[in-house]
Amino acid sequence: MKEKLRQLRMLSKDPLLFTIVIIIFVSVILFILYPLVKVITVSVVADGRFTAANLIKVVSSWHLRQAFFNSILMGLLTASLGSLVGFIFAFTVTRTNIPLKKFFNIIAIIPIISPPFIGALAIIMLFGNNGFITSTLLGLFNTKIYGIRGLLFAQIVTFFPVAYINLKGVLESISPTLEDAAMDLGGSRFKVFRKVTLPLAVPGIASSMLILFIETLADFGNPLILAGSRFPILSVQAYLEITGMYNLPKGAAIALILLIPSLTAFFLQKYWVAKKQYVTITGKPTTSTIKLVSPAVKWLLFSLISFFALIIIMIYATIVWGAFANVWGSDNTLTLRHFAYVFGVGFESVKDTIIIAGLSTPISGFLGMVIAFLVVRKRFPGRQFIEVTSLLSFAVPGTVIGIGYILAFNSYPFLLTGTLAILMLNFIFRYIPVGIQSGIAVLRQIDPSIEEAAIDLGADARSTFRRITLPMMIPAFFSSLIYSFVRAMTAISAAIFLVSSRWNLMTVQIMSQVESGRLGAAAAFSLVLVLIILTAIFVIRNLLLYRYGKLGGTFLKI
Amino acid sequence: MSVTLKNITKIFTDPSNQAREVVAVKDVNLEIQEGEMVTFLGPSGCGKTTTLRIISGFETPTNGEVWISGTLVNEIPPNKRDTSMVFQSYAIFPHLSVSQNIGFGLELKGVKPKEIRRQVEEIMEVMTLTNLYNRRPDQLSGGQQQRVALARAIINRPKVLLFDEPLSNLDAKLRDQMRIEIRRIQQSFGITSIYVTHDQDEAMTVSDRIMVMKDGEVMQIGTPFEIYSRPANTFVADFIGRVNLIDAVVETVEPESISVVCGGGGEHRHKVITSWAGDFKKGDAARIVVRPESLRLSRMGDTAAGADGKATAAAEAASVSAATAEENGTARSEVPFLKGIIKRSVYLGPTVEYEIDVPDVKAQILAVTYNPVEEGFYRNGEEVGINFSSAASHLL
Ligand SMILES: Nc1ncnc2c1ncn2[C@@H]1O[C@H](COP(=O)(O)OP(=O)(O)O)[C@@H](O)[C@H]1O
Ligand SMILES: [Mg+2]
């Protein structure tokens, strides 16, 4: 307590820092915490008194109970199967010398830079009622793709890359020399895998599963397209309750229930699993001698991931083809009319999306760097509160945030409904954890005496941050920028509550095209979206390369 | 440009246990003259860095005053203090070139670019950094980084230059070279400097005066000679170099000398000592401090060398030297202060080190002899006489 008071006194001596801390404090409370509190109060408070009526309505409805179980089930299944596919990919890439590694790496990353419902879209186009495979090739008209099977497939395709990236990092950090050593001691290949590699990877796998669980629970696009009415999913039900029935309290109550498993998984991940990660890296990653896998197993793994790769390629080929086919499923003549639509009627939303993502992500990234700096380098009361709260928006499903925003900002003094501001604020604070996390990681590597040296030479706090700290954080800034730009461009779950006729988003457009059965236009939109993202990544990378040369990523290391 | 520390105390709260307090610096008083180079020397964790950071302004003392050239600077933030620091990790700005690093301070002061360039080039010349003007820091060797850090600190002409273990990241050879260079540059610019190290050789080489610290407290402040030959307490005596501490009892105390007796008395066990630290009166237990190289050994019996005919190098040389010692006629004629048995000897080329059991004072004594090829060796098990002069001894 005495320490806190001392910190506060120190803080008040530095007016600039003090102002920034206050601003960040207030905005974190207002734009992250307050909407969540709104979700809770709207669902359990009526006429100023506590009421369980809405929650009881949700729990007593068979349909919604089912939705809860379905959501959890999908979360568990996607988490395990998605992590399994991700692990197979990561293991094959890091532990064998198969050909085409780079290709597989790209294949596994492509779904990350696409709208998260592209899998669902392709499935409808291939296996739906008008699907290419089901109806054109097989002549079936009543397909059973809606429901658990189609959805599971789509979500695995959407989320296994997340597991892949995580687990690749984990496996790379387990030095193959450990495996070599174990094999030297006479372990058989499988035994070494089971007794050395797998146990070392277990915390990483657990962490990846929890992340996938959180993401699947929060997923909105795939279930909206594929779940169908007989397989209700919570996030979709909350959306329908609000936009279909205009029942805000009940929608909020559903959101509240959705929040519980998400937050549980998040805190498990952050405070339990993350602490158990082993670090076996010593200096540079050692080059593996790759002896862990016998040739037979190697080619088995190779065929497995080739099969997965083929599915991904098929999905994207379907989207491309669909974007150019006149009427998907019946008239396959090539046409540009869907693109004409995108760049005609639909162009408003293209423009809006680029403006919103292009403006909010740099702000988000910059703010993330500032918060990271404050958290790592400064001592003030509320520091931990800011860090944990800002990480929260990672864990909270977009649907919940979206509902929170419309509840929180629909009346004076925060009347923001339908404005550019509400979308931007949502994106800024939704992706801020990315910037904060990479900023913190970089700052922890930077020797604090570098900043002290600047102060020692006469720089004040502001010029030290601007001229020394910030430039050193540039690589982290840009990598978080790319990541949050991609997320913002492909976001739907929160944004769908916040768009209006004045400010619309491409993802929401794609959804409504799918709902009205215009698959061609949806495919063309998706394709344009992916191309915009690729262009942005390309431009940012080359700017960085041009400005900082090869140094871009390396000057942190000395 | 003098620096004065008055009753400086720094108490930290332990970051892992908020209730626990760590006294990092305790009541330090020090006056540093203009142009002087003072070293803080002590084992790791004794509060050297903290004291330095209090002077530079990065830590605020819990108690006490810091004065720089007659001004109380406690309330002045580090960026406004006229001190420049050379960090242990060099803290070179990794995204700036060598010249941008060195010119950073001048740029902040608003010096014109042309003038900055001139001064940077000038100092790079002095520091033998020419041709590295546009180099990136990651392309520099350790020694070059060190020089850039020094140049960056010096170019601002600070009132006080602060070094925090600046050489600890260099390899041994470069370290020896750089410490001489640092001393040269410090003297040629005449900048008041404070140098932190845990390496006593380094402290001896670079300092005008040394402040020895332990657990946050000052143990002694003095010239390298005083610290080494006239230590204020056993900690200092022990921490700097190797030392023999021989138990003794005070017999008489005179204004200019103290006479003591060792090992229960006897005809030759009395010593008059002219240098001491602390108060003594008759009958006090005391310790004689004497460095191994100040001991003179002498051969006792006549059964000296090569008796068992073993042709070890030591034995061979001993037979040579027996004759030499005879010639000089010194070693033998002296009546020894103590007698001991050689327990172990290590031949190092220029010197020989002996561990000698001295039963009379129940101690092991370490002696170093020089020039063994002429002075000769003593064999293990041989009885030797041990003596030293009053000038070489000090009483604690
Ligand atoms: N910021 C701090 N917070 C808590 N304790 C500290 C801090 N800085 C130093 N200390 C403690 O103060 C003591 C002195 O540290 P330091 O001055 O760095 O020693 P030295 O430089 O002589 O090795 C150590 O016990 C250290 O753990
Ligand atoms: Mg230190």
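A salt bridge here is a side-chain nitrogen of Lys or Arg within 4 Å of a carboxyl oxygen of Asp or Glu. The views below are taken from a predicted model.

**View 1. Salt bridge between E59(B) and K10(B).** The side chains of E59(B) and K10(B) meet at an N to O distance of 3.9 Å. The pair links distant parts of the chain, 49 residues apart. E59(B) sits in the loop between helix 1 (48-56) and strand 4 (63-68) of chain B, and K10(B) belongs to strand 1 (residues 3-13) of chain B. Both E59(B) and K10(B) are buried. Over all chains, the structure holds 24 salt bridges.

**View 2. Salt bridge between R179(B) and D176(B).** The closest N and O atoms of R179(B) and D176(B) are 3.6 Å apart. Both residues lie in helix 5 (residues 172-189) of chain B, three residues apart, which is about one turn of the helix. R179(B) counts as buried because its relative accessibility is 13%, under the 20% limit. D176(B), at 38% relative accessibility, counts as partly exposed.

**View 3. Salt bridge between R184(B) and E181(B).** In this pair the closest N and O atoms are 3.9 Å apart. R184(B) and E181(B) are separated by about one helical turn because they are three residues apart in helix 5 of chain B. R184(B) is partly exposed at 41% relative accessibility, whereas E181(B) is buried, with a relative accessible area of 11%. Elsewhere, salt bridges that share partners join E452(A), K10(B), R53(B) and E59(B) into one network.

**View 4. Largest nonpolar core and the surroundings of F93(B).** The largest nonpolar core has 224 residues, of which F89(A), Y405(A) and F93(B) touch the most other members. Helix 25 (residues 519-548) of chain A supplies the largest share of this core, 15 residues. Not counting residues up to four places away in sequence, F93(B) touches I450(A), A453(A), A454(A), L457(A) and I468(A) from chain A. A second, separate core of 33 residues includes I116(B), L129(B), A153(B) and L167(B). In soluble globular proteins, nonpolar side chains tend to be buried together.

**View 5. Nonpolar surface patch around F103(A).** L100(A), F103(A), L310(A) and I313(A) form this patch on the surface, and together they have about 380 Å² of accessible area. F103(A) is placed in helix 5 (residues 101-109) of chain A. With a relative accessible area of 35%, F103(A) is partly exposed.

Conventions
Residues numbered from 1 in each chain as written. Chains lettered and ligands numbered in written order. Predicted model: local features only at pLDDT ≥ 70, side-chain atom pairs only at ≥ 80, totals over all residues. Heavy atoms only, no water. Patch = residues over 30% accessible without salt bridge, like charges linked within 9 Å, V, L, I, M, F, W, Y side chains within 5 Å. Areas by Shrake-Rupley, 256 points an atom, 1.4 Å probe, with all protein chains shown as cover. Helix = DSSP H or I, 4+ residues; strand = E, 2+ residues; numbered from the N terminus. Buried < 20%, exposed > 50% of the residue type's maximum accessible area, 1.4 Å probe, protein only. Core = buried A, V, L, I, M, F, W, Y, C linked by side-chain atoms within 4.5 Å. Contact = heavy atoms within 4.5 Å.
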